[in-house]
Amino acid sequence: MTHVLKDHAQLFELPGPWTTIYVEGSTGTVDGLANDEILPRSVAQEMKDAGAPEQDVEAAVAALGMTAKGLPDPVTRFLLINNGEAVVNEFLPGNLVGLAVTATGPIPDLTPLVRHTPEDFAYIVAEVGHHGGEVYLRYANGDEKHVTDGEADSVVEGDTDHTRKLGSGGWAHKRMQQHAEKVWKMNSREVASEIDRISAEHDAQLIVVAGDIRARQLVADEVSQESRAKLGIIESNTRADGADEEMFLEQVQQLVARTMADRQHALLERLAEKEGQGTRTSAVGRGAVITALQQAQVESLLLETTAWDGETLLALDAAPWVATSEAETAGAGVLGEVPAVAALLRAAALTDAQVTMYPSGALEEKPIAALLRWPTGPAVPAAV
């Protein structure tokens, strides 16, 4: 699933009510500064009108009292309030994606957050040199995650003895040069091992390697086959004095954007291929996809960002998690009628399905489709 859904999946099984808040939070102007006072009051009134518990209203007002002052504009706020606590309270970069939301219901609605950061995969940036390197875990939405003991980005420092390669000369010079190469390989092996570990633990989709030209090659040679398939090499020594950091960051973002686009396109190609082959390992359209979700059959859910605004589904307290009517509940309790996309995202998270959001029209006639983990049964002819 997306990083956003994976991080919050445990919330979907907790009892409600939940209030979802997605509002403009910038404070970069005189008018914006007044927003710090106006926003909590306006959201509180909307929550009361929606029937939110008083303790949740108080929690939202307290959370919205945290100013965005000091953050670069524009800024958006996203909160999930439950049982008198702001369980999620995030400052998101950028303007609102779609409409503002203040709504109370039986489940947390992550739709605004997923729409705001639709393709939120993890990637690694490794800057390497003769003495080791730094390995950073990042997310496509700009989040920075620390990966060593939960406290700091990973820094690998190898043996620094004799790491400067010497010029041509006699036997002693050659021997010293060979030792330097051995040290380089040892250091690169440690960096590569760290890259492999982080990539496996965080499901990194892209690994960017930059730095000294020889160190880059050594690290690329040492990483696992799985990591090598995700490598993106930046042909510049970012560790050298005077290196252009802005250009480096731009190159990284270009690789991230290209990887995101390639992934989305590859999913559409897989969907078209499966549809064309008639393998019954895909589902297209609301009914077919909901049936697959109910059976935990969905591997990847493909969903247009504006699909079914204003429509609803039933959220259930146990598997199959989502239903179009009470006849489909399979004995699970009905939590309530909720926005359709919120119900679909919840069902995807609870069945460990990947989710990819697309712009309107990308899926052509049907705004929802799925790649399945196993084939559906053969078509059953209609009764005569």
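Student: If contact means heavy atoms within 4.5 Å, which residues is Leu-5 in contact with, leaving aside its neighbours within four places in sequence?

Tutor: Keeping in mind that this is a predicted model, Leu-5 is in contact with Phe-12, Leu-110, Val-114, Leu-345, Ala-349 and Val-355, once its neighbours within four places in sequence are set aside.

Student: And which members of the largest nonpolar core touch the most other members?

Tutor: That core has 45 residues, and those touching the most other members are Leu-5, Phe-78, Leu-110, Val-298, Leu-303 and Leu-344. Helix 10, which runs over residues 340–350, gives the most to this core, with 9 residues. Apart from it lies another core, made of 17 residues, among them Val-128, Val-191, Ile-198 and Val-223.

Student: Back to helix 10, then: how many of its residues are buried?

Tutor: Helix 10 is mostly covered, with 10 of its 11 residues buried. Among these buried residues are Leu-344 and Leu-345, several alanines including Ala-340 and Ala-349, and also a charged side chain, Arg-346. Just after the helix, Asp-352 takes a positive phi of about 60°.

Student: Helix 8 now. How many residues does it have, and what span does it reach?

Tutor: Helix 8 covers residues 245–277, which is 33 residues, and it reaches 48 Å from its first C-alpha to its last, close to the 48 Å expected at 1.5 Å a residue. Its buried residues are Phe-248, Val-252, Leu-255, Val-256, Thr-259, Leu-267, Leu-271 and Lys-274. The helix is followed by Gly-278, whose phi is positive, near 65°.

Student: Why does Thr-259 count as buried?

Tutor: Thr-259 counts as buried because its relative accessible area is 16%, and the cut-off for buried is under 20%. A polar atom of the Thr-259 side chain lies 2.8 Å from the backbone oxygen of Leu-255. Leaving aside neighbours within four places in sequence, Thr-259 is in contact with Phe-121, Gln-205 and Leu-206. Thr-259 and Gln-205 are 54 residues apart in sequence, yet 8.0 Å apart in space, C-alpha to C-alpha.

Student: Changing topic, how many salt bridges does the structure hold?

Tutor: The structure holds 5 salt bridges. In one of them, the side chains of Arg-270 and Glu-299 meet at 3.3 Å, N to O. This pair links distant parts of the chain, with Arg-270 in helix 8 and Glu-299 in strand 12, 29 residues apart.

Student: Where do Arg-286 and Glu-311 lie?

Tutor: Arg-286 forms a salt bridge with Glu-311, the closest N and O atoms being 2.5 Å apart. Arg-286 lies in helix 9 (residues 286–294) and Glu-311 in the loop between strand 12 and strand 13, so the pair ties together parts that are 25 residues apart in sequence.

Student: What about Arg-197 and Glu-194, where are they?

Tutor: Both lie in helix 5 (residues 171–202), 3 residues apart, about one turn of the helix, and their side chains meet in a salt bridge of 2.7 Å, N to O. Arg-197 is partly exposed, with a relative accessible area of 30%, whereas Glu-194 counts as buried at 14%. The two are also linked with Glu-201 in a network of salt bridges.

Definitions and conventions: Residues numbered from 1 in each chain as written. Predicted model: local features only at pLDDT ≥ 70, side-chain atom pairs only at ≥ 80, totals over all residues. Heavy atoms only, no water. Core = buried A, V, L, I, M, F, W, Y, C linked by side-chain atoms within 4.5 Å. Buried < 20%, exposed > 50% of the residue type's maximum accessible area, 1.4 Å probe, protein only. Helix = DSSP H or I, 4+ residues; strand = E, 2+ residues; numbered from the N terminus. Contact = heavy atoms within 4.5 Å. Expected span 1.5 Å × (residues − 1). Salt bridge = Lys/Arg side-chain N within 4 Å of Asp/Glu carboxyl O. Polar contact = N/O pair within 3.5 Å; in protein donor to acceptor, adjacent residues only side chain to side chain.
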